[in-house]
Amino acid sequence: MADASAISAPDASSSSASSSTFSYFAVFYNYPLISAVVSFAIAQTIKFLTTWYKENRWDPKLLVGSGGMPSSHSSTVTALATAIGFCEGFDSSLFATAAILACIVMYDAFGVRLHAGKQAEVLNQIVYELPAEHPLAETRPLRELLGHTPPQVFAGGVLGFIIATIGQIIVRTVSNV
């Protein structure tokens, strides 16, 4: 388990909320937060570059959109939970909370949101087949790419774990210097 003071702000004496010093820059030393943000950014970048490679087109919306391989939601929450486990201990209440949150987000990604996307496909097809004079015929199509398949969720989880583990190695290396 990493020493919490090794990953907190240099001017802070501990990572507790009762610390007498406060710095807005402490967020840049928050290893779990950084792991989650980096993991999200890498997952979204992978989607963007994969589309460019496969379809020879740049789609900047993929940098912030949902759906696709790997799941950035899964990557983000897995990196967060893993980093919290490294910082606070895998036996801590904070890790348990983060792990349960990660499970809920990943379940939602390949459960509820995946099925909502499939329903959007069907509804869009129904609207497309309506006669032109129907009041709903000009309705804007629903977003169809909402959720993830189980392999996309798994890949996102693996990516998040790898990013948090690499972050932990970096934190330990820097704190031992």
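Tutor: Helices (H or I, at least four residues) and strands (E, at least two) are DSSP runs, numbered from the N terminus. This is a predicted model, in which local features need pLDDT of at least 70 and side-chain atom pairs count only at pLDDT 80 or more, while totals for chains, interfaces and linings use all residues. Residues are numbered from 1 along each chain as its sequence is written, and side-chain values use heavy atoms, with hydrogens and water left out.

Student: How many helices and strands does the protein chain have?

Tutor: The protein chain has five helices and zero strands. Along the sequence, the pattern reads α-α-α-α-α.

Student: What share of the 177 residues is buried?

Tutor: Buried residues account for 36% of them. Buried means under 20% relative accessible area, exposed means over 50%, and partly exposed lies in between (1.4 Å probe, protein chains only).

Student: Which residues form the largest nonpolar core?

Tutor: That core has seven residues: Y31, A79, A83, F86, C87, A164 and V171. A nonpolar core is a set of buried Ala, Val, Leu, Ile, Met, Phe, Trp, Tyr and Cys residues joined through side-chain atoms within 4.5 Å. The elements giving two or more residues to this core are helix 2 (72-88) and helix 5 (150-175). Helix 2 gives the most, with four residues. Apart from this core lies another, of five residues, among them V77, A102, M106 and A109.

Student: And what is A164 in contact with?

Tutor: Leaving aside neighbours within four places in sequence, A164 is in contact with Y31, S35, A79, T82, A83 and F86. Contact means heavy atoms within 4.5 Å.

Student: Changing topic, how many aromatic pairs are there?

Tutor: A search of the whole structure finds three. Rings of Phe, Tyr and Trp (its six-membered ring) pair if their centres lie within 6.5 Å; planes under 30 degrees apart count as stacked, over 60 as edge-to-face and the rest as tilted. One of the pairs is F86 and F90, which is edge-to-face, at 5.4 Å centre to centre with 80° between the planes.

Student: Why is the pair of F90 and F95 edge-to-face?

Tutor: The ring centres of F90 and F95 are 4.9 Å apart and the planes stand at 75°, so this pair is edge-to-face. Ring pairs link F86, F90 and F95 into a cluster.

Student: Are those three residues buried or partly exposed?

Tutor: F86 counts as buried, because its relative accessibility is 17%. F95 is buried at 19%, whereas F90 is partly exposed at 46%.

Student: Finally, at what angle do helix 2 and helix 3 pack?

Tutor: Helix 2 and helix 3 (residues 93-110) pack at about 170°, with their axes 9 Å apart. That makes helix 2 roughly antiparallel to helix 3. Axes are lines fitted to C-alpha atoms, for helices over the stretch in contact, and angles run from 0 to 180 degrees between N-to-C directions. Angles under 35 degrees count as roughly parallel, over 145 as roughly antiparallel, 65 to 115 as roughly perpendicular and the rest as oblique.
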